[in-house]
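Good morning, and thank you for coming.

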Amino acid sequence: MDNRSDDILLQKAREGDKAAFEAFYQKYKGQIFNFTYRFLNNYELAEEITQETFISAYTHLDKYSEMGKPLAWFYTIAGNLCKNALKSKNIRAEVSLDAPLKDSDGQLNMLDVLENSKDRPEITIRSKELVRKIQEAIDSLPIEYKEILLLCDIQGQSYQDVAQILGLKSATVGSRLFRARKRVGKKLALLYKEKPKKWLSWKDANLLQKDFPST
Amino acid sequence: MVKLERCKFASKRLSFYLDGQLSDKGRIIVEKHLLKCKYCQKEIILLRNARLIVRSFSTVKFPPRLDKHFSSILHKKTN
């Protein structure tokens, strides 16, 4: 997180500079939307909550300085709004197959799999099924586990940042993340009769620390 | 198949280990433990695979119409 320049943008916004707040919005709108979408698994509602997150932050900018890390503050607001929405609207999770996706890092991901398999319906069906199963596994988690899994593994936030976002100790973040991954892993393990290419032995597991330096 | 005996070591340290959150000393303790504990060997594969799958989720495309709505609301607001 680029805390210093973000901090300056929000300080300016607090003094009435709407352009500064708009610049902050442009920088992080995608991240916040992705978070709310994965949290709610509902495209329209994620739009609504993303907008509400930024508007709510704007109207409460006087409270911002207490926290110090701008994006963390936005994740806190977005997470609380998502939890309230889930409680009050009794949302039925939508399967995300038709939601528009984009390639974020140029690597092969599920979108690529879906795109590249247009002429091979059997792959498309399997891939769509996989996307649905992953989302279902995430949605089946208790909310306090789901939130941590999304923040750490999809949003790439560090344990320390997640601890700040949720007002928890880093140790609690780590142990909840362990339980969340374990539940998701167990559910998804049933999907495979054969090990995907990237499945490694336990001896290789520590190599993955290098693959994902963001956490 | 023999069921492996549950190991309490796992819940406290394996995710931290996987995410590179342990000190050198902590990392060495986990690695030594992994050499001898079949339960934790199984656990770390499960955790690592879950992390890999969840992280493979694509970013969702941002809805362009939200920009218009946001801009219009922001300009009507005073903080």
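This is a predicted model: local features need pLDDT of at least 70, side-chain atom pairs count only at pLDDT 80 or more; totals for chains, interfaces and linings use all residues.

Residues are numbered from 1 along each chain as its sequence is written, and chains are lettered from A and ligands numbered from 1 in the order in which they are written. The model scores ipTM 0.85 and pTM 0.76.

Let us begin with chain A. Its secondary structure consists of 10 helices and one strand; here helices (H or I, at least four residues) and strands (E, at least two) are DSSP runs, numbered from the N terminus. Along the sequence the order is α-α-α-α-β-α-α-α-α-α-α. Of the 215 residues in chain A, 38% are buried. A residue is called buried if 20 or more other C-beta atoms lie within 10 Å of its own, exposed if 12 or fewer, and partly exposed in between, with C-beta atoms placed from the backbone. Among contacts in chain A with a separation of 6 or more, 63% are between residues 24 or more positions apart; a contact requires C-beta atoms, placed from the backbone, to lie within 7 Å.

Chain B has four helices and one strand, in the order α-α-α-β-α. In this chain, 34% of the 79 residues are buried. Its mean pLDDT, the predictor's confidence in each residue on a scale from 0 to 100, is 84, and 90% of the residues score at least 70. Where is confidence lowest in chain B, and where is it highest? The lowest mean, 75, belongs to strand β1 (residues 59-60) of chain B, and the highest, 91, to α2(B).

That helix, α2 (residues 24-36) of chain B, contains B:Ile29. B:Ile29 is partly exposed because it has 15 C-beta neighbours inside 10 Å. Its C-alpha atom is 9.7 Å from that of B:Arg13, 16 residues away along the chain.

I turn now to the core. In soluble globular proteins, nonpolar side chains tend to be buried together. A nonpolar core is a set of buried Ala, Val, Leu, Ile, Met, Phe, Trp, Tyr and Cys residues joined through C-beta atoms within 7 Å. The largest one here has 67 residues, and those touching the most other members are A:Phe74, A:Ile148, A:Leu149 and B:Val54. Helix α2 (residues 18-40) of chain A gives the largest share of this core, 10 residues. Neighbours within four places in sequence aside, A:Phe74 is in contact with A:Tyr28, A:Ile32, A:Thr53 and A:Ala57.

Next, consider A:Asn41, in the loop between α2 and α3 (43-59) of chain A. Its phi is near 55°, a positive value in a residue other than glycine. A:Asn41 is buried, because 21 other C-beta atoms lie within 10 Å.

Finally, a pair of helices. The axes of helix α8 (residues 159-166) and helix α9 (residues 170-189), both of chain A, come within 8 Å and cross at roughly 105°. The two helices are therefore roughly perpendicular, a term that covers angles of 65 to 115 degrees. Among the residues that meet are A:Tyr159 in α8(A) and A:Val173 in α9(A).

Key
Axes are lines fitted to C-alpha atoms, for helices over the stretch in contact, and angles run from 0 to 180 degrees between N-to-C directions. Angles under 35 degrees count as roughly parallel, over 145 as roughly antiparallel, 65 to 115 as roughly perpendicular and the rest as oblique. Two residues are in contact if their C-beta atoms, placed from the backbone, lie within 7 Å.
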